[in-house]
Amino acid sequence: MEKEIKFVRYNDYSINHREIIDKLNNDLSSRTYLGSNLYDNIANNIRLSEEDIRNGFYIVKVDDIEVGIISLTNRGKNTDTFEIDIGIIPEYRHQGLAELISNTFTDFIFKRFDNINDLYVKIDKRNKKEEK
């Protein structure tokens, strides 16, 4: 059965959105990949989006369940190159969601913005799919 993926702009007033961020902030693995305080990343992304609407921080829903975050951030002024960061809360990891989410998000971004030339996803070599 195909999973339905949705991206909802982060809303600081949403308790559910803050719970997702808190779960990632309190997880050592997430802090390793996403930084020590996602609220700082969100504030930076919101500031950047005021200059360039293509920057965005989203809550990811899979089949209407909030499973993590994804962000799109410009890699420098006057460039059409962007970086994607993905964070999945611990209880939804190791299910192949990161690849599905990143592929769906890439399609979403290229359909929404025709002036993005390059997307980069940072993947730490320690964060590989679990061998079965």
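Helices (H or I, at least four residues) and strands (E, at least two) are taken as DSSP runs, numbered from the N terminus. The structure is a predicted model, in which local features need pLDDT of at least 70 and side-chain atom pairs count only at pLDDT 80 or more, while totals for chains, interfaces and linings use all residues. Residues are numbered from 1 along each chain as its sequence is written, and side-chain values use heavy atoms, with hydrogens and water left out.

Helix α1 spans residues 15-25 and contains isoleucine 15. From isoleucine 15 to isoleucine 88 the C-alpha to C-alpha distance is 17 Å, and the two are 73 residues apart in sequence.

Salt bridges were searched for across the whole structure, and six were found. The criterion is a side-chain nitrogen of Lys or Arg within 4 Å of a carboxyl oxygen of Asp or Glu. In one of the salt bridges, lysine 6 meets aspartate 64, at 3.2 Å from N to O. Lysine 6 belongs to strand β1 (residues 5-9), and aspartate 64 to the loop between β2 (56-62) and β3 (65-74), so the pair ties together parts that are 58 residues apart in sequence. Lysine 6 is partly exposed, at 34% relative accessibility. Aspartate 64 is also partly exposed, with a relative accessible area of 48%.

A salt bridge also joins arginine 93 to aspartate 27, with the closest N and O atoms 2.8 Å apart. This pair links distant parts of the chain, 66 residues apart. Arginine 93 sits in the loop between β4 (81-88) and α4 (97-112), and aspartate 27 in the loop between α1 and α2 (28-34). Arginine 93 is partly exposed at 22%, whereas aspartate 27 is buried at 15%.

Arginine 54 and aspartate 52 form a salt bridge of 2.7 Å, N to O. Arginine 54 is buried, at 8% relative accessibility. Aspartate 52 is buried as well, at 18%.

Aromatic contacts were examined next. A pair of aromatic rings is described by the distance of the centres and the angle of the planes. Rings of Phe, Tyr and Trp (its six-membered ring) pair if their centres lie within 6.5 Å; planes under 30 degrees apart count as stacked, over 60 as edge-to-face and the rest as tilted. In the pair of phenylalanine 7 and phenylalanine 108, the ring centres are 5.2 Å apart and the planes stand at 45 degrees, so the pair is tilted. Phenylalanine 7 is in strand β1 and phenylalanine 108 in helix α4, so parts 101 residues apart in sequence are tied together. Phenylalanine 7 is buried at 14% relative accessibility, whereas phenylalanine 108 is partly exposed at 26%. Phe7 and Phe108 belong to one aromatic cluster with Tyr58 and Phe105.

The second largest pocket has a volume of about 220 Å³. A pocket is an open set of points on a 1 Å grid over the protein atoms alone, where a 1.4 Å probe fits, with protein on both sides within 12 Å along at least five of seven lines; lining residues have an atom within 4 Å of a point. Grid points are joined across faces, edges and corners, and the volume is the space filled by probe spheres set on the points. The second largest pocket is lined by 15 residues, and Asn41, Ser71, Thr73, Glu83 and Asp85 are the closest to its centre. Elements α2, α3 (38-51), β3 and β4 each give two or more residues to this lining.

Methods. Buried < 20%, exposed > 50% of the residue type's maximum accessible area, 1.4 Å probe, protein only.
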